[in-house]
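Colleague: I am new to this structure. Please take a close look at the salt bridges for me, and then at what surrounds them.

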Amino acid sequence: MGQRQNYSYLDLAVHAALAPCVLSRDPAVLFASDLQSILWANAAGAHLFGGKGVVELLDAKVSEEQSFVRQLRDCIRQIEDDTPIIRGFRINQGLRSALLQFEIIPVRFRDGNTCYKVVQRASPSDAAPSEHQLATDAVESLVGFADATAIVDDYGLPIAVSSAFGRLGPSDDVLASLVVELSTETDRLIKRPIIGASG
């Protein structure tokens, strides 16, 4: 039984365990406690697991028959005291397979469920994408799911926006005030309604 109905994507994105992954080059996905659905993913995670975007990955059928799920279940049995562990998983990438290192991190929620964040740490030797590229990838990964999306800089100026964002109608002052509110947040990611938006 999938649990996506219990957690909205936006609520998960601002969760303390997931917020640092939103604009990260490290692929990250969150599996439900029963491993029968994927609840959340960043852009790199959607790409790694074969989705064209987040919506496609969240809609994907997850089955015990899938090799990655079997490996993940075996890995979870080895977790003690909610301590993250690192294991090598073999995953299919097109016509070939690759052995990749993943960190498995239990994420506890207030309702008592424990879900599992799966992160592939990028190699230090890999070229780091620019801030603009990370922001663009994050926005584009939400097409068809959260179409009115923008990522702004420290002054409220957009770094990357979706084509539908302009129709929402937040003013420059609204964006600037959100940035001011976020200035005291360590991860610079919160969820707030935008008063007066036309969307």
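Modeller: This is a predicted model. The count of salt bridges comes to five. Take Glu-103 to begin with. Glu-103 forms a salt bridge with Arg-121, and the closest N and O atoms are 2.7 Å apart. Glu-103 lies in strand E4. Arg-121 sits in the loop between strand E5 (114–119) and helix H5 (131–140).

Arg-121 has a relative accessible area of 45%, so Arg-121 counts as partly exposed. Salt bridges that share partners join Asp-26, Glu-103 and Arg-121 into one network.

Arg-108 forms a salt bridge with Asp-82, with 2.5 Å between the closest N and O atoms. This pair also links distant parts of the chain. Arg-108 is in strand E4, while Asp-82 is in the loop between helix H4 (67–76) and strand E3 (85–93). They are 26 residues apart. Arg-108 is exposed, at 52% relative accessible area. Asp-82 is partly exposed, at 32%.

Now look at Arg-77. Its side chain meets that of Asp-74 in a salt bridge of 2.8 Å, N to O. Arg-77 is exposed, because its relative accessibility is 61% and exposed means over 50%. Asp-74 is partly exposed, with a relative accessible area of 42%.

Next, the nonpolar side. The largest nonpolar core has 43 residues. Those with the most contacts inside this core are Leu-30, Phe-31, Trp-40, Leu-72, Phe-102 and Ile-104. Strand E4 (residues 96–108) gives the largest share, six residues. In soluble globular proteins, nonpolar side chains tend to be buried together.

Phe-102 is then in contact with residues including Leu-48, Phe-49, Phe-68, Ile-85, Phe-89 and Val-118. Its contacts also include Arg-87 and Gln-120.

There is a second, separate core of six residues. Among them are Ala-135, Ile-151, Ile-159 and Ala-160.

Ser-163 lies in the loop between strand E7 (158–161) and helix H6 (165–168). Its relative accessible area is 76%, so Ser-163 is exposed. Ser-163 and Val-143 are 20 residues apart in sequence. In space, their C-alpha atoms are 9.4 Å apart.

Technical notes
Residues numbered from 1 in each chain as written. Predicted model: local features only at pLDDT ≥ 70, side-chain atom pairs only at ≥ 80, totals over all residues. Heavy atoms only, no water. Core = buried A, V, L, I, M, F, W, Y, C linked by side-chain atoms within 4.5 Å. Buried < 20%, exposed > 50% of the residue type's maximum accessible area, 1.4 Å probe, protein only. Helix = DSSP H or I, 4+ residues; strand = E, 2+ residues; numbered from the N terminus. Contact = heavy atoms within 4.5 Å. Salt bridge = Lys/Arg side-chain N within 4 Å of Asp/Glu carboxyl O. Lists of a residue's contacts leave out its neighbours within four places in sequence.
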